[in-house]
Amino acid sequence: MKTTPQDNGHPSTLIVPNVIDGQERESSHTYASRSPSHRDDVVTLAPLSTKEDVREACQKPRAAQRAWARTPAPGRAQIIGRLGQLLREEKESLSRFVSREMGKPIREARGSVQEAIDTCDFFQSEGRRLYGQTVPSELPNKELFTYRRPVGVVGVITAGNFPIAVPSWKIVPALLCGNSVVWKPSDDAPGVGALFADLWYRAGLPRGVLSVVHGGGKDGAGQFLIEMTDEQLLDKISFTGSTEVGRMVGEACGRNLKRPSLELGGKNPLVILADADIELAVDGALWSSFGTAGQRCTSCGNIIVDRKVMPQVRDLLVKKASALKIGDPLDESIAYGPFINERFLERWVAQRSVGIEDGANLLLDGKRITPGNEPANFAGNAEKGLYATPRIFDHVKMNMRVAQEECFGPTVNLVEVDGIDEAIEAANGTQYGLSSAIYTRDARAMLRFKEEITAGMTSVNNSTTGAEAHLPFGGNGASGNGTRESGIWVIEAYTRWQCVNVDLAGKLQLAQMDLEDAAPPEKPDWSALVR
Ligand code: NAD
């Protein structure tokens with residue numbers, strides 16, 4: 001990797017290569033990743049990989065994977081432990097780079113690097129488990145065992161909103177389990193991707209085991225990587241991103257009989273019942289809806305409120321949302337920063353008229369912040385950054401498009417319901433099923449919600465967002481195919497089970513056939529004991 005200074009007052013530009021067959025490969029065709037808080041800041045120049053680059057990146061790691069799989073799992077895990085240590089050492093600079101490249105507020109950026117550290121801590125010790133089982137045989141002098149084996153060469157494609165935590169959720173367990181990885185980082189954060197890969201190599205990972213190909217999605221490195229499934233060069237794809245692209249990954253894996261991991265979009269509900277602590281619930285709703293400018297897969301899309309407390313919730317939410325400090329992601333005091341890219345901003349701008357057409361009431365009219373219309377609490381560069389104020393729709397019905405479609409920006413809807421039954425029906429009323437939350441003091445309502453909500457993740461009296469490295473993360477329906485990230489559960493995604501039988505009988509023994517049923521004892525007659 002190289003850097004080149006900029007003459008506009010911004011830090012240097014990072015020039016990143018692909019890493020193919022353990023070698024850094026520069027490219028004559030590059031694209032610029034620009035900071036969303038200062039569009040004149042070229043943070044990274046990254047290769048626009050060709051299909052041939054991606055094919056080579058997928059062909060080469062097969063041999064490296066076999067050697068890596070022969071390294072004992074505790075040895076593989078030691079490298080993960082070293083990676084965790086390097087992440088700790090570089091936490092502040094890496095977090096600041098994350099904020100610069102994709103606009104995550106610095107406090108959250110630190111949290112996302114910490115999540116990668118926690119993931120390393122967890123999987124370092126998991127390398128000493130990766131347990132198989134001993135299983136009793138139905139035949140004598142015979143032993144049965146199960147082993148976890150690596151899947152092989154895994155393609156990884158990730159989104160830009162969690163450019164370090166989510167890749168760590170995939171790459172750490174995939175490598176721990178003895179696979180090799182070909183990674184296409186998000187085109188919104190290629191520099192973060194390159195720095196993360198560099199830490200892996202510094203930790204001692206054999207370079208050929210982790211390949212990195214940069215570029216875009218459609219007609220770019222992402223699409224080419226999916227196509228490598230059809231060329232039988234990949235054994236699995238692990239994807240985090242939109243439902244639309246997730247379906248393409250699923251189709252390619254399905255027709256090649258591969259098992260993908262799909263972590264996709266969400267339209268996450270947050271329910272506030274009449275007995276809830278309203279102040280606590282509104283704080284949770286605010287963080288869920290507007291944290292990271294609404295650009296989390298777990299962001300709240302619909303706040304579902306019992307009609308008895310709707311006036312209170314409405315007033316408090318508008319008051320608090322209007323007071324949120326928006327601005328430069330490196331400012332420690334902001335609530336949220338910019339859109340990650342123009343695409344997300346444009347989609348969010350267009351969503352305003354969709355809500356109005358559907359008959360929703362624009363309670364708080366969020367707008368793009370431009371020079372001259374900055375709100376009082378704004379602390380960014382309106383000319384160079386992609387900022388917007390919060391938008392709240394009221395009188396939203398679950399059949400409206402704004403209630404159904406993921407928005408991925410600072411918008412939330414208020415949906416009025418009458419009691420727990422209607423609340424659960426509304427919460428389950430979208431195609432998605434990623435995260436969910438309920439605010440109530442009623443233990444029976446909590447129990448019903450936990451049992452009846454179809455989402456993969458549920459919070460009681462907490463926000464819809466948040467994850468821990470040792471808890472399963474993932475969703476159902478349009479939010480994913482049921483695979484999970486993190487904790488022991490993700491190991492299923494990156495291993496296949498092998499069973500082995502060892503016969504010590506010295507003669508051919510056949511299960512089911514060589515079993516002699518003992519003659520059943522004579523049945524006593526109990527008829528004299530009962531009427
Ligand atoms: P996206 O699907 O457009 O892009 C994600 C990745 O896929 C990027 O690397 C991109 O380059 C690549 N890509 C895009 N189009 C492609 C194509 N046609 N073929 C192959 N690759 C392609 O997603 P996005 O809009 O950038 O990211 C936001 C989405 O990601 C949201 O829907 C969000 O909910 C979801 N997300 C989900 C999770 C989760 O864990 N469930 C986490 C983060 C983000």
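**Strand pairing and cysteines**

Glutamine 133 has threonine 146, in strand E8, as its bridge partner. This comes from a predicted model, where local features need pLDDT of at least 70 and side-chain atom pairs count only at pLDDT 80 or more, while totals for chains, interfaces and linings use all residues. Residues are numbered from 1 along each chain as its sequence is written, and side-chain values use heavy atoms, with hydrogens and water left out.

Strand E8 covers residues 142-150 and runs antiparallel to E7, with three bridges joining the two. Strands here are DSSP runs of E, at least two residues long and numbered from the N terminus, and two of them pair if DSSP finds at least two bridges between them. Put together, E7-E8-E25 is the order of an open, antiparallel sheet of three strands. Its edges are E7 (133-135) and E25 (495-503); each has a single partner strand, so one side of each has no neighbour in the sheet. On average, neighbouring strands in this sheet are turned by 25° against each other, direction ignored, going by axes fitted as lines to C-alpha atoms. As for what holds such pairs together, strands of a sheet pair through backbone hydrogen bonds.

On to the cysteines: the structure has zero disulfides, a disulfide being a pair of cysteine sulfur atoms within 2.5 Å. For cysteine 120, the nearest cysteine sulfur belongs to cysteine 177 and is 14 Å away. Cysteine 407 is in no disulfide either, and its nearest cysteine sulfur, on cysteine 300, is 12 Å away. Cysteine 407 is buried, at a relative accessible area of 8%, where buried means under 20% with a 1.4 Å probe and protein chains only. Cysteine 120 is buried too, at 1%.

Notes. Buried means under 20% relative accessible area, exposed over 50%, partly exposed in between (1.4 Å probe, protein chains only). Helices (H or I, at least four residues) and strands (E, at least two) are DSSP runs, numbered from the N terminus. Axes are lines fitted to C-alpha atoms, for helices over the stretch in contact, and angles run from 0 to 180 degrees between N-to-C directions.
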